[in-house]
Amino acid sequence: MPRYTCDPTMEVAGSTAMALLTHVNSADTLHILQKNGLSQIDPSAWYPTQRVLDVLSDISELPGAMWDFVAIGMAAGEIGYNNLPDAMRTMPFADFLEQYA
């Protein structure tokens, strides 16, 4: 996978990056997070986006990377859902689409 770069001032929220630590295959990718200085993520802090891009590039080179990316995506979805206000989580899906789509 090619290495992607971004503006060095870009940052990503720790709450977003948490999926890199909490996915079900995280034991297989922890060494990559450690290499890139993301083995401990504070959900309320901000991190250089380049580090996250480097982690994703490194993961892409692992055997079975597709499953790691699926696991990361599922963890990100769970984190996002859990951070929705209660009114949004309990709203019927059709109502959600009408209000927010």
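## A buried threonine to start with

With a relative accessibility of 15%, T49 counts as buried; that word means under 20% relative accessible area, while exposed means over 50% and partly exposed is anything in between (1.4 Å probe, protein chains only). T49 sits in helix α4, which covers residues 49–60. Helices here are DSSP runs of H or I with at least four residues, strands are runs of E with at least two, and both are numbered from the N terminus.

Which residues does T49 touch, if we skip those up to four places away in sequence? They are C6, M10, E11 and V12, where a contact means heavy atoms within 4.5 Å.

Before going on, a word about the model: it is predicted, so local features need pLDDT of at least 70 and side-chain atom pairs count only at pLDDT 80 or more, while totals for chains, interfaces and linings use all residues. Residues are numbered from 1 along each chain as its sequence is written, and side-chain values use heavy atoms, with hydrogens and water left out.

## The whole protein

Let's zoom out. The protein has 7 helices and 2 strands, and from the N terminus they come in the order β-α-α-α-β-α-α-α-α. Along its principal axes, the C-alpha trace spans about 45 × 30 × 25 Å.

How much of the protein is buried? Of its 101 residues, 30% count as buried. The accessible surface is about 6,500 Å², and carbon and sulfur atoms account for 60% of that; these areas come from the Shrake-Rupley method with a 1.4 Å probe, and for residues only the protein chains shown count as cover. If you take the contacts between residues at least 6 apart in sequence, 62% of them join residues at least 24 apart.

## Helix α4 and what covers it

Back to the helix that holds T49. Helix α4 has 12 residues and reaches 17 Å from its first C-alpha to its last, close to the 16 Å expected at 1.5 Å a residue. That expected span is 1.5 Å times one less than the number of residues.

W46 belongs to strand β2, and it counts as exposed because its relative accessibility is 53%. Leaving aside neighbours within four places in sequence, W46 is in contact with E11, V12 and A13. Take V12: it is 34 residues from W46 along the chain, yet their C-alpha atoms are separated by 5.6 Å.

W67, in helix α5, also counts as exposed, at 54% relative accessibility. Together with M66, V70 and M74, W67 makes a nonpolar surface patch of about 470 Å².

## One aromatic pair

A search of the whole structure turns up 1 aromatic pair. The rings of F96 and Y100 have centres 5.1 Å apart and planes at 35°, so this pair is tilted. Rings of Phe, Tyr and Trp (its six-membered ring) pair if their centres lie within 6.5 Å; planes under 30 degrees apart count as stacked, over 60 as edge-to-face, and the rest as tilted.

Both F96 and Y100 lie in helix α7 (residues 93–100), 4 residues apart, or about one turn of the helix. An α-helix has 3.6 residues a turn, so residues three or four places apart point the same way. F96 is partly exposed at 26% relative accessible area, and Y100 is partly exposed at 44%.

Notes:
Patches are made of residues with over 30% relative accessible area and no salt bridge: like charges are joined within 9 Å, nonpolar side chains (Val, Leu, Ile, Met, Phe, Trp, Tyr) within 5 Å. A salt bridge is a side-chain nitrogen of Lys or Arg within 4 Å of a carboxyl oxygen of Asp or Glu.
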